Amino acid sequence: MVSNYGVIEDGVVINAVLAEADYAAEQGWVLLPEGVGPTWLYDGLTFAEPLPVVPTQQEQSDLRAAAYRQESDPLFFKAQRGEATMEEWLALVAEIKTRYPYP
């Protein structure tokens, strides 16, 4: 019977492969529980979800700048025309800063 097996390197599932049990055993692959796949951690006994990737300060800055351009700048110009309030714009700016904090 074909099942889903994980190719493990340095405690990390680097690939998921469909294979027969005998062939997977020859390769040293590990049977994967449902929902487990590449990037999951494996300690030889149990699987754990991958650690979250923490963006660098430059990446975070780029994300924040893009959010300003796409979200807050249009609202700012609406506020300038009287179609929105400055308070709405300031609240959005604060929310973007919270969403993309600097490390």
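The following paragraphs describe the fold, surface and selected local features of a predicted protein model.

Residues are numbered from 1 along each chain as its sequence is written, and side-chain values rest on heavy atoms, with hydrogens and water left out. Because the model is predicted, local features were considered at pLDDT of at least 70 and side-chain atom pairs at pLDDT 80 or more, whereas totals for chains, interfaces and linings use all residues.

The protein chain contains three helices and five strands, where helices (H or I, at least four residues) and strands (E, at least two) are DSSP runs numbered from the N terminus. Along the sequence these elements follow the order β-β-α-β-β-β-α-α. The radius of gyration of the protein chain, taken over C-alpha atoms, is 23 Å, whereas a compact globule of 103 residues would have a value near 13 Å; the globule rule used here is 2.2 Å times the number of residues to the power 0.38. Along the principal axes, the C-alpha atoms fill a box of roughly 70 × 25 × 20 Å.

Of the 103 residues in the protein chain, 26% are buried, the classes of relative accessible area being buried (under 20%), exposed (over 50%) and partly exposed (in between), with a 1.4 Å probe and protein chains only. The accessible surface amounts to about 7300 Å², and carbon and sulfur atoms contribute 57% of this area, as computed by the Shrake-Rupley method with a 1.4 Å probe, where for residues only the protein chains shown count as cover. Among contacts with a separation of 6 or more, 43% join residues 24 or more positions apart, a contact meaning heavy atoms within 4.5 Å. The protein chain carries 6 positive and 16 negative side chains, and the centres of these two sets are 23 Å apart; Lys and Arg count as positive and Asp and Glu as negative, while His and the chain ends are not counted, and each charge is placed at NZ of Lys, CZ of Arg, CG of Asp or CD of Glu.

Four aromatic pairs were counted, the rule being that rings of Phe, Tyr and Trp (its six-membered ring) pair if their centres lie within 6.5 Å, with planes under 30 degrees apart classed as stacked, over 60 as edge-to-face and the rest as tilted. The pair of F76 and F77 is edge-to-face, because the ring centres are 5.5 Å apart and the planes stand at 75°. F76 is partly exposed at 25% relative accessibility, and F77 is likewise partly exposed, at 47%. Together with W89, F76 and F77 form one aromatic cluster. W89 is also among the residues touched by S72, which contacts A67, W89, L92, V93 and I96 when residues up to four places away in sequence are not counted. S72 is located in helix α2 (residues 57-80) and, at 2% relative accessibility, is buried.

Most residues other than glycine have a negative phi. T39, which lies in the loop between β3 (30-31) and β4 (41-42), has a positive phi of about 85° and is partly exposed at 47% relative accessible area. The loop between β3 and β4 also holds E34, an exposed residue at 85% relative accessibility. E34 and N4 are separated by 30 residues in sequence, and their C-alpha atoms lie 8.5 Å apart in space.
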